[in-house]
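Hello,

Here is the structure you are taking over. Please keep it open while you read the notes below.

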Amino acid sequence: MKPIASLSLDLDNKWAYMKTHGDAGWESLPSYLDVCVPRVLRFLRERDLQITFFIVGQDAALDKNAEAVGQISAAGHEIGNHSFRHEPWLHLYSKEELTEEFAKTEDALEKVTGQKPVGFRGPGYSLSPTVLEVLAQRNYEYDCSTLPTYIAPLARAYYFFKSPEMSPEEREKRKKLFGKFADGFQSLKPYRWQIGEKTLTEIPVTTLPLFKTPIHASYVIYLSTFSKLAARSYWRTALEMCKLTGTQLSLLLHPLDFLSGEDASELKFFPAMNLPVEKKLEFLSDILESFQNKFAVVNMQKHAREAAKQNLKVRRASNGAERAPLSKPPAVAGN
Ligand SMILES: [Zn+2]
């Protein structure tokens with residue numbers, strides 16, 4: 001039997017990219033969901049894949065996106081919470097602000113999709129003990145906001161380098177964009193947060209075992225713009241290493257994996273946006289074919305429920321969740 005693995009897509013809209021990047025014009029909430037969603041759904045249908053879409057509440061709340069967002073749940077995909085305003089500094093929010101943020105998101109998602117989310121991924125992988133506390137309070141089953149990586153400073157530098165007009169205050173907010181919780185020390189395997197009396201299953205976004213470099217589709221597609229051969233062998237290595245180390249792969253997609261600069265000219269400066277859509281889809285197709293050959297690919301909720309049946313490592317989310325991972329030495333290979 002093939003080992004289980006999960007696939008999800010963070011449905012970051014055009015405005016969310018522009019907002020994080022500090023570009024003018026995001027306030028009118030420009031959207032590409034009408035172009036992107038049908039393309040993604042067709043692609044998944046052709047491969048018989050049912051996955052989890054992490055959707056931003058603000059998008060679901062707008063009439064102009066209702067049709068596209070509704071199509072996702074109608075096609076049988078799971079709907080997850082990706083916050084309301086897509087601000088990658090959720091760890092700076094108070095408990096009250098988070099409660100309001102989540103309630104608004106759940107309302108908007110439920111109205112358009114008929115699903116109440118039980119899973120959460122923070123924008124920009126932002127997470128805090130308070131976020132976990134509010135998730136537990138609202139009876140979420142799982143969180144998947146951790147990205148165990150050593151390259152957070154590089155990702156951050158990329159944003160700063162590309163946004164010369166950002167104010168010091170805006171920079172400060174974005175400083176903690178990635179790499180909260182000393183992510184490089186975190187497990188690649190699922191674990192269990194203990195939050196008071198409640199528990200929450202954590203499914204980390206998988207990075208390359210041992211090296212902890214990203215392996216999500218956008219990154220592999222980006223590598224393919226330099227060398228297709230290298231990108232393919234990097235991906236194959238990742239799959240092999242996950243198998244060898246018993247890592248339950250959780251692979252992440254983004255809308256930009258399905259779009260080119262022609263579809264969203266404002267985002268032309270993003271990596272691999274100069275690649276024609278056909279080339280991207282062809283490469284993505286290869287990635288997913290080998291992924292499905294090696295793993296039984298399910299949505300995040302199924303993955304989290306399977307993981308919860310195992311004897312997972314327990315981590316405390318309250319009183320010093322930020323310190324807990326640091327108190328351990330760097331994990332052994334693949335952990
Ligand atoms: Zn996002």
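The count comes to 11 aromatic pairs, where rings of Phe, Tyr and Trp (its six-membered ring) pair if their centres lie within 6.5 Å, and planes under 30 degrees apart count as stacked, over 60 as edge-to-face and the rest as tilted. The rings of F43 and F258 have centres 5.4 Å apart and planes at 85°, so this pair is edge-to-face. F43 lies in helix α2 (residues 33-46) and F258 in the loop between β8 (250-253) and α11 (277-294), so the pair ties together parts that are 215 residues apart in sequence. Helices (H or I, at least four residues) and strands (E, at least two) are DSSP runs, numbered from the N terminus. F43 and F258 are both buried (under 20% relative accessible area, with a 1.4 Å probe and protein chains only). Ring pairs also link Y17, F269 and F270 into a cluster.

This is a predicted model, in which local features need pLDDT of at least 70, side-chain atom pairs count only at pLDDT 80 or more, and totals for chains, interfaces and linings use all residues. Residues are numbered from 1 along each chain as its sequence is written, and side-chain values use heavy atoms, with hydrogens and water left out.

Next, the metal. D12 (OD), H82 (NE2) and H86 (NE2) coordinate the zinc ion at 2.0 to 2.2 Å; donors are N, O and S atoms within 2.8 Å of the metal (3.2 Å for Na, K and Ca), and water is not among the atoms, so sites may look incomplete. D12 and H82 are buried.

Regards

Terms used:
Buried < 20%, exposed > 50% of the residue type's maximum accessible area, 1.4 Å probe, protein only.
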